[in-house]
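Dear colleague,

Please find the structure you asked about just below.

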Amino acid sequence: MRKLVLSGLLGAVLLAVLEVLSFGLFWWQEGEPFRWSKANAMRARSAGLVPGAPALEERIQAFPDEVLQPFLGFVIDPNLNQKKTRGPLEIGPEGFYRRRQAKALPSDDPLRIGVFGGSVAFVFSFRGGEVLSQRLQSLEGFAESGVAVESWALGGYKQPQQLMTLNWLLARGHELDVVINLDGFNDIALAQTENRFRQVSPFYPRSWDVRVAGVPAGEAAARVGRVAFERQRRQLRAERFSARPWRWSATANLLWLALDRRAAQAVARAEAAAAELAGEESAGFLERGPTYRYRGADLVGDLVSLWERSSRLMHDLCAARGIRYYHFLQPNQYPEGAKPLSREERQKAYSTERRYRAVVQAGYPLLQQAGARLVADGVAFHDLTMLFAQVEETLYIDDCCHLNQRGNELMAAAIGEILEAELDSAP
């Protein structure tokens, strides 16, 4: 009995020492102390269990949740409101996210601001929208009417989807006072890293062939199935480590973090293999659209031209209806000098291998040149590429483009300052 007690005490001491060491190792590896709340949130993101919309910091693009829309390409299926718990967000009748319980406004005629773009714009509309509305409510007149920030952005959207969404809303009789178009990354990245390798028109919505072809066949089915398998395996592991007692152990969380990063790489490899499949099966015009053959930088130039023309059309459409239009080129971590990366960002948010880096560094200068032409023609275009050039704290959360809460607040403050100056002088 005495040996059993001593063995138990020795085991407890060893576990305690291991936990202390794990706390220290976690701090050294992640650059901040271990916290149960953060570990729970990280596991929840991998398991798809985050309260609210699918993790706001992650891409919300998920084909099973999306349905074809005849004018916009795709939207989120509103029927999912009855099937999935989305916390503070729900899917509106047009297929875009909104708050379940919108904040009460002082009047029935607030300043209505519509945010358009991809996932960065989507996250901004909820993470930074409150900062933006509070800033504008300080202006004379808006305190009495209130400010409503609406999200008309979805993960994966690229021009001309923003333009078509604005057209659709106005055709449906929706009223807007201000339009914010926050984009740029998807417009040059997705066509080159996805549609082009699938022999789909780079100007069509992302992965258009998969959306309209139903269940893929042959090698395509195998690769798509591999993506689903790797995603599910990652999710199940996160769920297991979220159970008691593992969720409370720093050692278990450290082990899960290492396994999850390997799983994320496996998912990325499977997604890349599926995206690069040219398609052995024959596909017609419905799946691929008009045939385009590009060499060198010709494709990037045409993508930028489409982006520029779409913004100009959004400006003209807004001007004709008395709506103020503001176009912002979203910040990104890859342009030279765009941000001094923190240790955490170097580990998680910057990749020298992923194709996004090369695409951004080649395409952003062309976007900036196009933006200068927009300004010369009277479009309220603002380049946010270097917004974080002096910010050393961690803002980016992945090696694509997405920002944490602090990053969205800083971006909201910058956009709010521009709108504040112009709206304050407006009639």
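The notes below go from the chain as a whole to its sheet, its helices and a few single residues.

This is a predicted model, in which local features need pLDDT of at least 70 and side-chain atom pairs count only at pLDDT 80 or more, while totals for chains, interfaces and linings use all residues. Residues are numbered from 1 along each chain as its sequence is written, and side-chain values use heavy atoms, with hydrogens and water left out.

The chain holds 15 helices and 9 strands, where helices (H or I, at least four residues) and strands (E, at least two) are DSSP runs numbered from the N terminus. Of its 427 residues, 48% are buried, that is, under 20% relative accessible area, with exposed meaning over 50% and partly exposed in between (1.4 Å probe, protein chains only). Among contacts (heavy atoms within 4.5 Å) with a separation of 6 or more, 76% are between residues 24 or more positions apart.

An open sheet of 5 strands runs in the order E6-E5-E7-E8-E9 with parallel pairing, two strands being paired if DSSP finds at least two bridges between them. Strands E6 (147-151) and E9 (381-383) are at the edges, and because each has a single partner strand, one side of each is left without a neighbour in the sheet. From one strand to the next the twist averages 20 degrees. E8 and E9 are joined by 3 bridges, and His327 stands opposite Phe381 in E9. Helix H6 packs on this sheet, touching strands E5 (111-117) and E7 (178-183), and its direction makes about 145 degrees with that of E5; angles run from 0 to 180 degrees between N-to-C directions, and axes are lines fitted to C-alpha atoms, for helices over the stretch in contact.

Within H6 (residues 161-171) is Thr165, which counts as buried because its relative accessibility is 0%. Not counting residues up to four places away in sequence, Thr165 touches Leu72, Phe96, Phe116, Trp152 and Tyr157.

Elsewhere, strands E1 (residues 66-69) and E2 (residues 73-76) pair in the antiparallel sense over 4 bridges, forming a hairpin with 3 residues between them.

Ile415 is in contact with Phe124, Leu132, Ile180, Phe328 and Leu384, leaving aside its neighbours within four places in sequence.

H14 also packs with helix H12 (residues 298-320) at an angle of about 30 degrees, their axes being 10 Å apart. Residues of H12 including Val304, Trp307 and Arg312 meet residues of H14 including Leu366, Leu367 and Arg373.

Finally, Pro335 lies in the loop between strand E8 (324-329) and helix H13 (343-348) and is buried, with a relative accessible area of 10%. Pro335 and Tyr364 are 29 residues apart in sequence and 7.2 Å apart in space, C-alpha to C-alpha. Leaving aside its neighbours within four places in sequence, Pro335 is in contact with Val360, Tyr364 and Thr385.
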